[in-house]
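Hi everyone, thanks for coming. Today I'd like to walk you through the charged side chains of a protein that may be new to you.

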Amino acid sequence: MLSNILIVEDDRKIAKVVKIYIEQAGFRAAHFEKGKDAIEAALKEIPMLVILDLMLPDMTGEEVCQELKEIGDFPIIMLTSKSSEEERIAGFALGADDYIVKPFSPRELVYRVKALLKRSQKKDFDETAPLSFNNGNIVIDGQTYEVKKNGTLSNLTPTEFKVLFTIASYPSKVFTRDELVEKALGYQFEGYERSIDAHIKNIRQKIEEDPKNPALIQTIYGVGYRFAGKKDV
């Protein structure tokens, strides 16, 4: 079955262009003008990916994003005219996996859709044994995309998982934000360096005992981040 992609956009002209390009790339695409309708569709069939405008007629895109994240662990691309750094970071903090500002290139959008789907298909980690730290308190499984904290599953997004897996694969190595963008997200784009901060904040909320005083993911001021868990032998 072809991948099902939801387009949530109240501008019919933009939605039509996006749908044409997505379908020409070989995907199934469904368009919804209202957030509520898109959520109902996602409940009926879990989408492979969602392209989400943030200014919708019935509810905010941010609210839609939060509800979609409760439904399933699929990538979300925010496609919006909200362009400030603060708005981008807020989008990633809500769990967006990518953020594209209007006006945009439909061809680039398709490229990003393909890149996100490729990452979410877990191919990168299929051959990797689970990583275990601190006497099994944190276990990161690249085959199942699961992270367990004290034996309990932590619900990370695909992008959050890849960021965590990347830094945890090299304990004690200090990663710059640029390195994490390149190694974990797989692309370079102006403004995305700071998005790593939002992903790290989300990960800390999910795996740290005290996210305000993180022990696992340490901030190296002026440089980037380091994973400080003790790897089990």
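This is a predicted model: local features need pLDDT of at least 70, side-chain atom pairs count only at pLDDT 80 or more; totals for chains, interfaces and linings use all residues.

Side chains of opposite charge can pair when their charged atoms come close.

Let's start with D53 and K102. Their side chains form a salt bridge, with 3.5 Å from N to O. Where do these two residues sit in the chain? D53 is in the loop between β3, which covers 49-52, and α3, while K102 is in the loop between β5, at 98-101, and α5, at 106-120. That makes them 49 residues apart, and the pair links distant parts of the chain. Are they buried or exposed? D53 and K102 are both buried.

The next pair is K69 and D97. In this salt bridge, the closest N and O atoms are 3.4 Å apart. K69 belongs to helix α3 and D97 to the loop between α4 (85-93) and β5, so this contact ties together parts that lie 28 residues apart in sequence. Here again, K69 and D97 are both buried.

Now for a pair within one helix. R112 and E108 meet through their side chains in a salt bridge, at 2.7 Å from N to O. Both are in helix α5, and because they are four residues apart there, about one helical turn separates them. R112 has a relative accessibility of 6%, so it counts as buried. E108 has a relative accessible area of 31%, which means that it is partly exposed.

Let's turn to the surface. Which residues gather in a patch of negative charge there? They are D37, E40, D58, E63, E67 and E70. Two helices, α2 at 35-44 and α3 at 61-71, each supply at least two residues of this negative patch. The most comes from α3, which gives three residues.

One of the patch members is E63, and you'll find E63 in helix α3. Its relative accessibility is 38%, so E63 counts as partly exposed.

Definitions and conventions
Residues are numbered from 1 along each chain as its sequence is written. Side-chain values use heavy atoms; hydrogens and water are left out. Patches are made of residues with over 30% relative accessible area and no salt bridge: like charges are joined within 9 Å, nonpolar side chains (Val, Leu, Ile, Met, Phe, Trp, Tyr) within 5 Å. Accessible areas come from the Shrake-Rupley method with a 1.4 Å probe; for residues, only the protein chains shown count as cover. A salt bridge is a side-chain nitrogen of Lys or Arg within 4 Å of a carboxyl oxygen of Asp or Glu. Lys and Arg count as positive and Asp and Glu as negative; His and the chain ends are not counted. The place of a charge is taken as NZ of Lys, CZ of Arg, CG of Asp or CD of Glu. Buried means under 20% relative accessible area, exposed over 50%, partly exposed in between (1.4 Å probe, protein chains only).
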